[in-house]
Amino acid sequence: MDYDVIVIGAGIQGAAVAQAAAAEGYKVLVLEQFDQPALGTSCKSSKLIHGGLRYLETAQFALVKECLDERAFLLKNAPHLVHLVKFRIPVYKFTGRRPWKIFIGLCIYSLFSWKGFRRVPKKRWAALDGLKTKDLNAVFSYYDAQTDDAHLTRSVLASAEEMSCKTEYNATVIGASLKDQHCSLTYQQDDSSHQLTAAVIVNATGPWVDRVSASIGAGETQRDIDLVAGTHIEVEGEIKEGMYYVEAHDGRVVFVMPWKGRTMIGTTEAPYLGDPAKIEPLESEIEYLITVYNKYFERQLVKEEVINAWAGLRVLPVAKSSAFNRPRDTLMLTDREQAPRVVSLYGGKLTAHRHMAQDVLTLMRDSLPQDRTKIADTKNLKLPVVD
Ligand SMILES: Cc1cc2nc3c(=O)[nH]c(=O)nc-3n(C[C@H](O)[C@H](O)[C@H](O)COP(=O)(O)OP(=O)(O)OC[C@H]3O[C@@H](n4cnc5c(N)ncnc54)[C@H](O)[C@@H]3O)c2cc1C
């Protein structure tokens with residue numbers, strides 16, 4: 001057998017599975033279709049390492065707790081990449097979420113994270129980055145964390161490589177055949193086909209997941225998904241007082257955040273049916289974000305001020321409910337119940353990548369060789385500094 005685990009995709013999920021498997025002492029290979037890691041969704045997120053305060057509204061308590069625990073590990077193991085920032089939640093006469101609701105949410109969030117929150121006194125409101133104060137009822141303040149998503153992904157992959165994981169770029173997986181005891185996988189690189197064998201394949205291809213599942217014959221691992229685009233925009237001028245969590249006219253939450261000396265605003269939700277590699281922000285989404293920003297800040301943005309805009313794709317289970325309210329944890333599907341040969345990852349959070357990878361290992365345990373030497377525990381593994 002060439003490898004114990006072959007991971008398809010070098011986004012955060014693929015990098016995390018590679019790191020966890022390498023740390024357990026398995027022989028691991030990552031195959032990535034592009035020429036570097038994190039060119040898919042993992043460079044287009046909102047860059048938050050957070051429990052997701054708003055997931056409390058849809059009672060996703062376990063997800064929030066898990067993400068807050070993971071936030072604590074990342075603050076400890078990657079202080080150069082993940083740092084706490086102040087979040088502000090302004091509540092106006094006209095916003096749907098009332099102060100008591102935010103208060104209860106923040107109490108639960110504080111219990112899960114052991115970090116408190118407070119109300120910003122009225123005399124401090126004028127210092128809040130030009131936030132409009134007319135009809136303002138209250139401003140809550142709490143802590144969450146921010147990262148550079150692509151940088152974090154590269155660092156997790158580098159950590160896997162330090163433990164002997166190999167990575168091949170420009171390597172597109174085009175097929176596989178699943179045998180009883182192992183898999184044989186085919187990928188295309190430099191106009192030629194290559195074949196490898198492995199005990200297990202992990203399909204960590206984000207928005208490409210169902211296409212790759214079909215191409216590797218994982219059959220039963222396919223499920224109906226919606227791809228939902230989320231757009232961010234960037235404008236000159238950095239906000240200084242932390243991040244703002246504001247409510248759009250349709251009730252969705254939009255973040256206004258400092259980002260590398262500028263201000264980043266996101267995100268939207270628009271159904272997407274095309275090729276994941278060709279996702280681009282729509283004009284209507286850019287306008288939506290400008291409208292939300294202008295509703296809450298004295299500065300009035302115009303479209304010409306947008307210096308950068310990008311969109312990423314969420315993988316969400318098909319459902320009648322709005323994308324905003326659908327579950328955000330990772331769904332793991334296998335080709336068979338006992339000793340799976342393929343595990344496919346649907347959806348998930350940047351924040352929970354390490355925990356998700358441990359769950360994948362648990363699923364694969366019976367398919368993998370027992371004879372190995374554990375190298376590290378990812379809970380205590382410092383992430384390397386990378387460019
Ligand atoms: C708009 C938006 C905002 C978000 N914000 C946050 C946030 O603030 N915090 C948070 O915790 N989470 C957030 N998320 C979720 C998080 O970003 C994603 O869950 C995560 O980045 C997905 O990573 P991935 O590795 O699954 O997919 P990707 O990063 O897309 O990686 C998949 C990889 O597979 C490769 N690939 C595809 N097909 C093949 C093939 N045939 N052969 C080889 N390689 C292949 C691709 O090239 C790509 O590199 C957000 C998501 C979106 C869309």
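So, A158: it is partly exposed, because 19 other C-beta atoms lie within 10 Å of its own, and the cut-off for buried is 20 or more. Keep in mind that this is a predicted model. A158 sits in helix α4, which runs over residues 149-162.

What does A158 touch, once we skip residues up to four places away in sequence? P384 and V386. There's also L383: A158 and L383 are 225 residues apart in sequence, yet C-alpha to C-alpha they are 8.1 Å apart in space.

Okay, let's zoom out. The protein chain has 7 helices and 18 strands. Its radius of gyration is 21 Å, close to the 21 Å the globule rule gives for 387 residues, so the chain is as compact as a globular protein of that length. The C-alpha trace spans about 65 × 40 × 40 Å along its principal axes.

Now, the inside. Of the 387 residues, 48% count as buried. In soluble globular proteins, nonpolar side chains tend to be buried together. Here, the largest nonpolar core has 80 residues, and the ones touching the most other members are V5, A18, V28 and I201. Helix α1, residues 12-23, gives this core its largest share, with 9 residues.

Take I201 as an example. Leaving out neighbours within four places in sequence, I201 has contacts that include I6, I8, A176 and C183. Further along the chain, I201 also meets R341 and V342. And there's a second, separate core of 33 residues, with I102, L106, V235 and A309 among them.

Last stop, helix α2, residues 61-77.

Which residues of α2 are buried? That would be L63, V64, C67, L68, E70, R71 and L74. Looking down the axis of α2, the buried residues fall within an arc of 165 degrees, so they line one face of the helix. On the face turned away from that buried side, you'll find A62 and K76, both exposed.

And what covers the buried residues of α2? The cover includes strands β3 (48-49), β4 (82-92) and β6 (136-147), along with helices α3 (99-113) and α7 (353-364).

Key. Residues numbered from 1 in each chain as written. Predicted model: local features only at pLDDT ≥ 70, side-chain atom pairs only at ≥ 80, totals over all residues. Helix = DSSP H or I, 4+ residues; strand = E, 2+ residues; numbered from the N terminus. Rg over C-alpha atoms; globule rule 2.2 N^0.38 Å. Buried ≥ 20, exposed ≤ 12 C-beta atoms within 10 Å, placed from the backbone. Core = buried A, V, L, I, M, F, W, Y, C linked by C-beta atoms within 7 Å. Contact = placed C-beta atoms within 7 Å. Arc of directions from axis to C-beta.
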